[in-house]
Amino acid sequence: MKYALVIVLLLLSVSAAKCRGHATPSVTYQGTYVSLGDSVAAGNGASDKNATSFAALLAHDEGVQLMQVAVSGATTQDVIDKQLPDVVAKTAGMHLAFITISVGGNDLAGLIPNATCQQEPLPASCPLDASLAKLEANYTTILKTLRTAHPDTPIVLLAYPNFFSGTGHVFEAPAARVLPRLDDVIRRLATNFPHVAVADPFAAFEGRGPELTHVLDPKFDPHPTDAGHRIIADDFINALNHIN
């Protein structure tokens, strides 16, 4: 009996490890998947954007066709001005499987190297609050536009991990102060709209920047490696599995 119990516990442990290592789709989606946003959504850092980026992995795992409109460097205003009109026009009357959005990081990117935003606590001279208020207004416009065009399509937003975490880079501490505030806005926005969820890989990246990003590579690049994109894809799958 004792040995049987040990075997059962070992099997359960292996099963749990497999679940943590790779999310398994449990909801069947059909149609087109639309990826909106910035360089993370566009696949920067992946060895092959068409195969190992989070959007490509997500499309493959869910068995859907990817419509990739994300552009490196895009802000929330860029999504409103350049990406949304194209998506709304091209998807009119189409059945969409789901939509993912990774945007907001570039709206705040200038704050991370800002000397006033590197102090603790943040002084009033750091324009974080004003930047977040503008970002929230723009993000609300994005979600309202998508909800008008596709009322029931699941939408998943990305809460940004700190890609500098554990790297010792000069931006690690400022990013650790700024990004949680951004993620709080994104999580709050998701509660204001139906069928919207958040993919949240923040904890998975904590202390793992050297492994999951290219921050410490000879050519500096603050974007996920293939392993980082895999984690983000799994968090999107998990969010889709639990979307309301």
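At what angle do helix 4 and helix 6 pack, and how far apart are their axes?

**Helix 4 and helix 6**

In this predicted model, helix 4 (residues 76-90) packs against helix 6 at an angle of about 10°, and their axes lie 10 Å apart. Because angles under 35 degrees count as roughly parallel, helix 4 is described as roughly parallel to helix 6.

Helix 4 contributes Thr-76, Gln-77, Val-79, Ile-80, Leu-84 and Val-88 to the contact. From helix 6 come Leu-135, Asn-138, Tyr-139, Thr-141, Ile-142, Thr-145, Leu-146 and Ala-149. The contact of helix 4 with helix 6 comprises 9 nonpolar and 5 polar residues, with no charged residues.

Helix 6 covers residues 128-149. Its 22 residues, at 1.5 Å a residue, should span 32 Å, and the end C-alpha atoms are 31 Å apart, which agrees.

The buried residues of helix 6 are Leu-128, Leu-132, Leu-135, Asn-138, Tyr-139, Ile-142, Leu-143, Leu-146 and Arg-147. As a general rule, an α-helix has 3.6 residues a turn, so residues three or four places apart point the same way.

**Helix 3 and helix 10**

The axes of helix 3 (residues 54-62) and helix 10 (residues 226-241) come within 8 Å and cross at roughly 50°. This angle makes helix 3 oblique to helix 10. The crossing of helix 3 with helix 10 is right-handed.

On helix 3, the contact involves Phe-54, Leu-57, Leu-58, Asp-61 and Glu-62. On helix 10, His-229, Arg-230, Ile-232, Ala-233, Phe-236, Ile-237 and Leu-240 take part. The residues of this contact between helix 3 and helix 10 comprise 8 nonpolar, 1 polar and 3 charged.

Definitions and conventions: Residues numbered from 1 in each chain as written. Predicted model: local features only at pLDDT ≥ 70, side-chain atom pairs only at ≥ 80, totals over all residues. Heavy atoms only, no water. Axes fitted to C-alpha atoms, helices over the stretch in contact; angles between N-to-C directions. Helix = DSSP H or I, 4+ residues; strand = E, 2+ residues; numbered from the N terminus. Parallel < 35°, antiparallel > 145°, perpendicular 65-115°, else oblique. Left-handed = near helix turned anticlockwise from the far one by under 90°. Contact = heavy atoms within 4.5 Å. Nonpolar A, V, L, I, M, F, W, Y, C, P; charged D, E, K, R; others polar. Expected span 1.5 Å × (residues − 1). Buried < 20%, exposed > 50% of the residue type's maximum accessible area, 1.4 Å probe, protein only.
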